[in-house]
Amino acid sequence: MDNLPYAVQTTFPLLFMLVPALGALLSCRRRGPDRPAAEIWQRWWAVGALGIGSVWITISFLAVPKGMADTIGFAHSPFQFEIAFANLGLAVLGFRAASASPRERLTSGLAAAAFLWGATIGHVYQWFANGDHAAGNTGGILANDILIPAVMIALAARDVRRAGSGRGRTARPAA
C-alpha cells in the first residue's frame, strides 16, 4: 500500500460509490414504467457500495492487516480481525438488501449507519486529536462511511413511505 500515491489511496474507496451510481443511472434509462427509479438505485447501492465495498474491506483486513493498519495510520492490532468480520456482516446486509422489501432495506441502511457512522467518529477524532492524516483515515473512506448508509436510508425511507401510501408495488392490503 505504501507504493501507491496518497491521492490514489485516499480516493480509491470512492469507486465503491461511483460504480453503483453509474450502474443505477444506466439501469434507470432502460427501466420499465412499473419499476421505480429509487428501487433500482437502492439495489445497485446495496450490492455495489455496501456489499462489494464491505467484502473488499473484509478481504483487505484479513489478507494484509499490517498494510491496512498502516493505511489508516493505526497500530497493528488483533482487533483488525474483528473489523474484518464486522465488514463481512455489512456485506451480507448489502447483498440481502438487493432482494429485500423496502423495510428490510431501511433496516440494512440503519445497521450500516450504526457501524460506519461510529467508524466516522473514530476517524475524525484521530484526525483532530492525533493529527492522523493517513489516506485510510481521511478522504474517500470518510465519504463512504457517511454517504453509503445515508443514501440507503434516504432511498429506503422514501420507498417505505410510498408503500405505506398504497402507491408502491410493495403496499400491503388494508386489514
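## A helical chain and its nonpolar core

The largest nonpolar core has 12 residues: Met 17, Ala 21, Trp 45, Ala 46, Ala 49, Leu 50, Leu 90, Ala 97, Ala 112, Leu 116, Ile 148 and Met 152. Five helices each supply at least two residues of this core: α2 (15–29), α3 (37–63), α5 (79–97), α6 (102–130) and α7 (140–164). The largest share, four residues, comes from α3. The model is predicted.

Leu 50 is one of the core residues. Which residues is Leu 50 in contact with, leaving aside its neighbours within four places in sequence? They are Trp 45, Leu 90, Ala 91, Leu 93, Gly 94, Ala 112, Leu 116, Ile 148 and Met 152. In soluble globular proteins, nonpolar side chains tend to be buried together.

**The chain as a whole**

The protein chain holds seven helices and zero strands. Read from the N terminus, the order is α-α-α-α-α-α-α. The C-alpha atoms fill a box of roughly 55 × 35 × 30 Å along the principal axes. Of the 175 residues, 42% are buried. Among contacts with a separation of 6 or more, 71% join residues 24 or more positions apart.

The chain exposes about 9700 Å². Carbon and sulfur atoms supply 69% of that area. The chain carries 15 positive and 9 negative charges.

**Aromatic pairs**

A search of the whole structure finds five aromatic pairs. Two of them are set out here.

| Pair | Arrangement | Centre to centre | Angle between planes |
|---|---|---|---|
| Phe 81 and Phe 85 | tilted | 4.9 Å | 55° |
| Trp 127 and Phe 128 | stacked | 4.9 Å | 20° |

How far apart in helix α5 are Phe 81 and Phe 85? They are four residues apart, so about one helical turn separates them. Phe 81 counts as exposed, because its relative accessibility is 53% and the cut-off for exposed is over 50%. Phe 85 has a relative accessible area of 41%, so this residue is partly exposed.

Key:
Residues numbered from 1 in each chain as written. Predicted model: local features only at pLDDT ≥ 70, side-chain atom pairs only at ≥ 80, totals over all residues. Heavy atoms only, no water. Buried < 20%, exposed > 50% of the residue type's maximum accessible area, 1.4 Å probe, protein only. Contact = heavy atoms within 4.5 Å. Areas by Shrake-Rupley, 256 points an atom, 1.4 Å probe, with all protein chains shown as cover. Lys, Arg positive; Asp, Glu negative; His and termini not counted. Charge placed at Lys NZ, Arg CZ, Asp CG, Glu CD. Core = buried A, V, L, I, M, F, W, Y, C linked by side-chain atoms within 4.5 Å. Phe/Tyr/Trp six-rings, centres within 6.5 Å; stacked < 30°, edge-to-face > 60°.
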